[in-house]
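Please open the model in your viewer and keep the selection tool at hand. The stops below go from one chain to its contacts with others.

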Amino acid sequence: MENILQQVGIDNYIYLSTLLFCVGIFGVLFRRNAIVMFMSIEIMLNAVNLLLVAFSTYHQDAAGQVFVFFSMAVAAAEVAVGLAILVAVYRNHNGIDIDNLKKLKG
Amino acid sequence: MLTLFYILSAITLGTAFLTILSKNPIHSAIYLVLCFFSIAGHYLMFNAQFLFIVHIIVYSGAIMILMLFTIMLMNLNKADEKNKPILSRIAAVVAFCLVALVLLATFIKSQPVINEYKVSGQDFQSIKVLGQVLLNNYMVPFEFASVLLLVSMIGAVLLSKKEHINN
Amino acid sequence: METNLALLLLFAPFAGFLINIFFGKKLSKTLTGTLGTVAVAVSFAATLYFFLQVLQTKTPVMVNLFEWLHLANFTVNFSFQLDQLSLLWLMFVTGIGTLIHMYSISYMHDDENMHKFFAYLNLFVFFMITLVMGSNLLIMFIGWEGVGLCSYLLIGFWYKNQEYNDAAKKAFIMNRIGDLGFLIGIFILAYLFHTVEYDLMKAELENGWSVDKAWLGIAMLCLFIGACGKSAQLPLYTWLPDAMAGPTPVSALIHAATMVTAGIFMITRLNFLFNLTPDVLEIIAVVGAVTSLVAASIGLVQNDIKKVLAYSTVSQLGLIFLALGLGAYEIAVFHVITHAFFKACLFLGSGSVIHALHGEQDMRNMGGLRKVMKITFVTFLISTLAISGLPPFSGFFSKDEILMTAFHHNKPLWVIGSLASIMTAFYMFRLLYLTFYKDFRGTEEQKHHLHESPTLITFPLIVLAILALVGGAISLPGMSWLNEYLAPVMAKPAEHHHLGNTEYMLMGIAVVGALIGIGVAYAKYIKKGEVPPADAQITGVTNVLYNKYYVDEIYTAIIIKPIYAIGSFFKNVTEVALSGFVFGLGRAATLLGNQGKTVQNGSIGFYLLVFVLGVCSILGYIFLVK
């Protein structure tokens with residue numbers, strides 16, 4: 001059976017997901033809007049998921065894909081709670097600009 | 001196949017960048033949906049049909065819709081976000097480059113460990129096999145995941161209702 | 001059985017203390033007093049049992065409770081030793097203690113803190129018993145410190161008067177100086193002998209254990225300093241007269257009969273060591289003789305009835321130290337016992353007088369009490385005769401023995417001792433005449449209230465007077481029961497004075513001297529009817545004596561003032577410099593902290609950036625650098 005990895009190679013996938021992950025980091029650091037930062041986190045999660053699937057195929061093992069499945073479940077839960085928190089923050093601060101959230105100041 | 005991979009990769013990275021760089025959160029969300037679809041395309045290329053479906057349902061279907069709803073609820077669909085101070089933006093760019101450099105260097109350095117890929121021909125990722133693995137080997141985590149989702153649902157409801165409780 | 005009884009002997013007063021201190025306030029005054037008295041009486045009964053037993057068997061009772069400390073080659077047991085010496089001491093500590101407790105029931109009846117008073121008294125007796133019973137120096141030290149504490153508590157018993165508090169502090173501090181000497185002495189002995197048990201030290205010496213004589217001398221000198229503090233010898237005696245601020249029973253029990261004899265007990269206990277250091281004994285003898293003379297001369301002109309007795313106590317203790325210094329430990333013990341009898345009687349008698357006069361202590365405002373207070377007068381007279389050294393009263397025998405020994409060893413010391421005795425006779429009769437003869441010189445109101453004290457007060461007086469009368473019988477010259485009895489605890493056999501012409505002549509001189517003292521007092525205060533002048537009119541030598549040779553003032557000038565000066569130097573210079581340095585460090589830390597605080601700026605973006613950089617460097621270090 002033909003397999004994608006024979007033609008593309010695992011290293012290309014590694015570079016792709018690394019870059020995707022870095023883009024996620026960049027987004028988190030670059031933006032002030034909490035929702036966009038949230039999306040960046042999703043990008044990072046997806047980068048990891050992608051790599052997991054790649055390695056799952058590479059090792060011919062289903063465990064990697066099961067892990068991606070769980071990771072998606074966790075991501076879904078995270079998004080639900082995170083957005084709820086954002087809503088609460090929005091109500092209290094009239095905005096979700098994280099530069100205005102400085103209660104952690106020592 | 002390689003061409004397809006490059007196209008998909010370009011779309012993935014490009015939409016990811018656009019997600020981050022676009023001023024309007026709605027646009028960000030839409031670019032992100034595109035990005036997710038391209039990742040789903042990658043899954044399809046791996047022949048991981050189950051994940052392809054789940055990914056589209058969960059991310060593009062559920063998560064992104066939730067985000068869009070939130071954005072619209074908060075009335076954020078306008079580009080009124082002030083930019084970060086220039087110093088922070090430079091710092092962000094530097095950090096991005098640095099992380100990319102370190103991670104890529106790490107993987108390139110460990111290249112020799114990656115062997116040539118061999119196909120065993122074994123079926124490991126059809127929905128049938130995955131279902132068996134999931135419900136045999138990973139039964140308990142599976143149940144826990146359901147509990148987690150339940151808890152997060154309750155938590156989300158509680159968090160967004162909190163103000164009314166206080167009043 | 002023996003262990004239990006010994007523990008009963010020890011802890012009965014402690015139980016009394018606990019009950020009185022915790023529940024005393026709720027009990028009636030008579031009950032607290034009775035409890036306190038019974039607690040000590042129980043100890044006395046137990047002591048009596050052991051005393052009779054040891055008298056028969058002649059073997060000491062040893063009670064080993066447990067091992068207290070165990071170091072490399074040094075073990076201290078928590079054990080008690082009931083031998084001839086300690087039992088003799090316990091006899092008069094608990095015996096006189098019981099009488100004085102009984103006396104206090106009546107004497108302190110009007111005091112609101114009576115339960116506290118009895119608690120302290122019981123605690124004192126407990127510590128005194130510990131001191132005497134201990135089989136090693138460390139246990140003695142516990143008692144030693146304990147009695148010092150109780151003495152402090154009791155001198156300052158009427159704590160609302162600042163002067164009394166000062167007196168208590170003075171006693172405590174003076175004792176501390178001595179205690180330090182005592183402690184250093186113990187350390188050196190522990191170093192020399194690897195033990196502090198009396199019996200083991202003695203055995204080691206008998207087995208030819210070689211001891212560095214110089215170190216031993218230093219140790220003995222330190223112990224003697226300790227004894228000086230506790231037994232009020234020159235130069236640490238000044239606390240004792242001031243200690244009379246406490247209630248009179250306290251003066252009688254602690255500052256005349258028992259606690260002040262602790263130093264003598266310690267030296268007698270360690271006689272086998274002191275014998276090895278004749279130089280130290282010489283010092284003890286000289287210090288004792290000089291103390292006795294100095295205190296007696298001060299006593300000549302004091303007007304406070306208790307002060308006179310206090311100086312007489314110091315003087316008598318000086319005589320006892322003279323005896324110790326001459327190596328005549330038995331005689332010292334003998335005088336301690338007779339002195340305990342008559343001095344306790346005198347103090348209690350003066351307490352009875354003070355009680356009758358509602359707190360008046362100045363002899364210039366007394367007089368004529370003979371007619372009203374017959375029992376007090378008679379007992380007082382007996383004790384005065386005893387302390388003056390007239391035969392056949394107990395004081396005669398003991399004092400005469402001391403002087404006789406002094407005559408045989410060191411004639412100048414004999415002269416000093418004899419002078420002190422003559423002075424003693426003078427001031428004691430001065431006290432007697434001023435207090436009990438002629439007419440009453442106090443106010444009309446006091447005169448109206450004059451009365452003999454109740455039975456609870458007079459009974460101890462009578463008992464003590466009888467003891468003062470016949471106490472000399474335990475060691476008559478030529479056939480001394482005491483010397484025989486104490487022989488097992490003494491390293492050297494007692495000296496035996498052949499009663500020859502010299503001895504009879506010496507006795508004659510002593511009696512004549514005492515009679516001269518009495519005669520002068522009679523001529524001055526009965527014939528001429530003199531009354532000591534008011535403070536302002538005192539002049540010349542009398543003034544120097546009246547002000548106690550200005551010793552307190554000299555101490556203030558040469559010790560206290562310089563210490564204050566050093567203190568203010570440290571406060572004004574060193575303290576400022578040091579705290580400046582310390583505060584500077586603190587301020588620097590605060591400054592640094594304030595700088596560091598800006599890092600915690602609360603900006604999540606910044607935190608994330610730092611977090612990413614951190615992860616980067618960790619990854620870089622693990623995968624690239626290593």
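Begin by selecting chain A, whose elements run α-α-α-α from the N terminus on, that is, 4 helices and 0 strands, where helices (H or I, at least four residues) and strands (E, at least two) are DSSP runs numbered from the N terminus. This is a predicted model, in which local features need pLDDT of at least 70 and side-chain atom pairs count only at pLDDT 80 or more, while totals for chains, interfaces and linings use all residues. Residues are numbered from 1 along each chain as its sequence is written, and chains are lettered from A and ligands numbered from 1 in the order in which they are written.

Of the 106 residues of chain A, 57% count as buried (20 or more other C-beta atoms within 10 Å of the residue's own, with C-beta atoms placed from the backbone).

Next, select helix α2 (residues 10-30) of chain A together with helix α4 (residues 86-109) of chain B, whose axes, lines fitted to C-alpha atoms over the stretch in contact, come within 9 Å and cross at roughly 160°. That crossing makes α2(A) roughly antiparallel to α4(B), a term for angles over 145 degrees between N-to-C directions, on a scale from 0 to 180.

Definitions and conventions
Angles under 35 degrees count as roughly parallel, over 145 as roughly antiparallel, 65 to 115 as roughly perpendicular and the rest as oblique. A residue is buried if 20 or more other C-beta atoms lie within 10 Å of its own, exposed if 12 or fewer, and partly exposed in between; C-beta atoms are placed from the backbone.
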